[in-house]
Amino acid sequence: MNYPVWDIPFLGAGLVVAIIAVIHMLIAHLAIGGGAFLFIAEVWSDRQSNGDAIRAWLRKYATWFLVYTTVLGAVTGVGIWFSIQLASPEGTSLLIHQFVFAWAIEWVMFLGELTVLYLYFYGWQKNSRRMQIFLAGAYFVIAWGSLFVINGILTFMLTPGAWSLESTSIWAGFFNPGYFPSLLIRTLIMFMMGGLFGIIVATRINGDDGFRNRVIRFSARWVLPAAVIIPFLLIWYWSTLPQATVDLFREGSTGVFGGRLEALNRYFWLAMISGFFIVLGALVIAIRPKAATTAGAIALFLIAQFGFMGAEFFREMARKPYVIYNVLYSNSLWKHDSEDPALMGEPFLSRARWRPEVEPMSMEHGEWIFRLQCVSCHTWDAYRSLGQRTEEWTPEFGSRWLETMHESGVMPPFQGTAEDRAALSNWIVSQHGEVVVEPEITGTVEGGGR
Amino acid sequence: MKEAEGTERSRRGFLGFLGAVGLGWLAAAIYPVFRYLSPQAPPDPFGEDGRALVEKITSAEVSQPGMGGNGKYGNRGLLIFRNQSGTLKAFDSKCTHAGCNVAFEGERIYCHCHGGTYDLEGRNIAGPPPRPLTELGVVEEDGLLHVYRLTGGGESEAGS
Amino acid sequence: MKYEIPAEAEERLPAPDTRSGLLSRWFLQRFPVWRTYEHLEGKVVPKHRHSVWYNMGGLALFFFIVQVITGVLLMVYYRPAEPWMSVQRIVMEVPFGAVIRSIHHWSANLMTLALFIHLFSTFFMKAYREPREFTWLSGALLFAVTLVFGFSGYLLPWDDLAFFATRVGIAEVEKAPLLGMWLADLARGGPEVTVDTIGRFYTLHVMVLPVTILTIIGLHLFFIQVQGVSEPDFFAALPPEQKKYEKFFSEFMFGEIPIWLCMGALLVAISAVWPRGLSPEADPFGSAPAGIKPEWYFLSQFQLLKLFPGKIEAVGMFLWTMIPIGILTVPFLDRSIPADDRGRLVTKIGIVALLGLLLFTVWGGLS
């Protein structure tokens, strides 16, 4: 709550980050898996009689690959920075300060990646075969190195492991429990993405059907490692998840939370079903490469996008209600602060750094609390709609509910006095079009002197 | 030619393998449908205090020795009667043979479906039933009958 | 007595000592369908820059299949005697019930959307001209049946949105001349929407309409298989060596599979992000909930009728009725191949109608 609040109508700040990040993830995985694909295909082309034809196709692959990953990838990558610092300044700050060195390496990797890719692409005619193969391999290694680094930070947010604010042991935080299963899963998905992209480019081959079919089959093979090994890695990954998350997942399949299948479950199954569709689609294309159209290949790639959305949303929601598990809540409240009753009981707006001047118990009072404590996750009427969730509220019920909301395990504790709670609750109820008569808490507020 | 055959064979092997993997993923993808159709566990007829209220038969209907009839507890059928020594006896009325509800016939418990016969202690004495009936403990309180699950032989005495 | 295998089949079947050779002979000796097989094998789909529209009918079929599967699953727990309670149970208690219901909801919407696109793309490619008039008419009928499907299914959860939307929707039927009142009463089972209406709509939705639509789909597909895919004028005008085709079996069909899978993933994704909610149980005597509106596919009509209030409402009804009348008569009005002046006029009218529909739908959605 150190900053004014970034208010995104309809989507909400979190979903904006998510949308940019999911697109970025798809591209980033392709950027690394495609590197491996280029390298293996280069080596493969040397062993085939029609190596030149393969390389001509590979050239097309590299062109689209370069455009797609460097332009869209870079733009969304920067977009993530812009959006997360607005959505969770505290979280961003913590990640930057804890992993300064990792970010530096990441940045160097990124530059190296771009340099090698340009050398590879623009040296197509000039470089020797050995040089090209070396550059493709080097590109993959460097790009994978950037995954190696960023994966530490991503998994840290969900499973900080032995890291704590007191010990701030970087190595424990970096190689946290979720690190290796996540690294392996992502690597396999990258190979899959490289292959799926290969199918798209291969469907553009005109003329020689036999050659087209071979290249399509070669590309379809890249789905296999992910399809076979990921289920086992998932079991490993599962064992590293916080117990609260696993419990939420178990109970969520019957839709007891809010009358719906818990989001965690929905996204998990989205990923699983997409995975099945990709395997099935790859099988169809491998059986009948002749029938593979560009539209079909793009469709397959889009399924991967949906699957990604499911998997990444699952990982993000598994952290609920924290941005860094057990350390920092999504609305920038520190866990250790939340355990300090004196601090938590202070009038909330007096702690906000950007302090609005409001009349106590006025509608503005409630609205400001909504802005500072709720909107980092909820919108009023769209994504994770607060309006829908509070339709049945009365001011008294809301006030009581806010007091104990953290006990559900999916919400952070409320910060502020009974007066703050009443102000927020009144504001929420008034948003439903109900006239809230005299606020009832005034006068009986503990510590209410503002 | 030979090489082509080899490629063909490896292609078939590859497709078969991919197909097998696909089946595995299919299992994961239709798991939600499987769960959707799987019946949920029936509610436990016994409440938090371990007892269930007897319905569809009142204590007045079993007030004298030799009186008895069918009723229900929770979602299950029940046979309750007072034996000649004046003790209330209750059994889950589901016949252990094929699941019909048994009837109380004064001297014996009889199942009309296939002629299964039990004595008044619920022991299967004639006909097809393979096992005795499940006995329940009974308590009478303020004119209401309650049954509870019997765990061992000793409690059965205490209950009646 | 077994059937004989025709000589031309004998030439093309796999050798009799292979498994596939044996199996195909076994089959042909019992079902003499070689001619049909040859016909289907020769079926082609033109390949050109507008080929993507040929996938729309298949997409609608895919969504229909999803509807059948999820619909059957929902029927397992749905009880017309206590509609709202049983839907509530599906959403709250049955594992994955909420997601299956959401998929049924979204797939219904996407099926209607795919049919809209299919209808307009075949219209603009002028596929309704002879000899395909009856393919077109059966398609129009399918579209109408789909709308009734949507309308009847909407009531079944018996929440307040469903209740009032149905009440308003049937009130529109009342206004139709001559039979309107009788039809409305027949649909409601009386002068008001009550639980009796549920019985009628339920029977319609799970019994009458499915049988109807399956029959018409069968006819529609049969016509297409017999007549082949229509070639738009610009393609028909190409010299033969420039015309490219794709075999319907199995290239076109296999090519469709990834697209179907993608739509399946899209369905699950939408249902994951926006699960279908359930409003409070319908209270026939309470006030209608705020912001109540028909489903998007009835919005254009809703908005058009709002423009003609009171006595001139008939004008709006008449204007709107022109669309179904136009759809039903167009194969008989515009028959020239390639398109003549009248054909081009029909295309222009079609564009105006499409723009009007879009405009009124968006307008209705925003207002």
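**View 1. C:Lys126 is buried, with 23 C-beta neighbours inside 10 Å.** The model shown here, and in every view below, is predicted. Burial is called at 20 or more such neighbours, so C:Lys126, with 23, falls in that class. The residue sits in the loop between helix 6 and helix 7 of chain C.

**View 2. C:Ile337 and C:Pro338 are joined by a cis peptide bond.** Omega here is about -5 degrees. C:Pro338 belongs to the loop between helix 14 (313-333) and helix 15 (341-366) of chain C.

**View 3. A:Met361 has a positive phi, near 65 degrees.** This is a residue other than glycine. Look for A:Met361 in the loop between helix 15 (348-351) and helix 16 (363-374) of chain A. Is A:Met361 buried or exposed? A:Met361 counts as buried, because 21 C-beta neighbours lie inside 10 Å.

**View 4. B:Gly66 is in the loop between strand 1 (51-55) and strand 2 (68-73) of chain B.** B:Gly66 has 13 C-beta neighbours inside 10 Å, so the residue counts as partly exposed. Which residues does B:Gly66 contact, leaving aside its neighbours within four places in sequence? They are B:Arg82, B:Gln84 and B:Gly106. Take the pair B:Gly66 and B:Gly106: 40 residues separate them in sequence. In space, their C-alpha atoms are 5.7 Å apart.

**View 5. Chain C touches chain B through eight residues, which are in contact with five residues of chain B.** On the chain C side, helix 4 (55-77) and helix 6 each supply at least two residues. Which helix of chain C gives the most to this side? Helix 6 does, with three residues. By class, seven residues on the chain C side are nonpolar and one is polar. None is charged.

Notes. Residues numbered from 1 in each chain as written. Chains lettered and ligands numbered in written order. Predicted model: local features only at pLDDT ≥ 70, side-chain atom pairs only at ≥ 80, totals over all residues. Helix = DSSP H or I, 4+ residues; strand = E, 2+ residues; numbered from the N terminus. Buried ≥ 20, exposed ≤ 12 C-beta atoms within 10 Å, placed from the backbone. Contact = placed C-beta atoms within 7 Å. Nonpolar A, V, L, I, M, F, W, Y, C, P; charged D, E, K, R; others polar.
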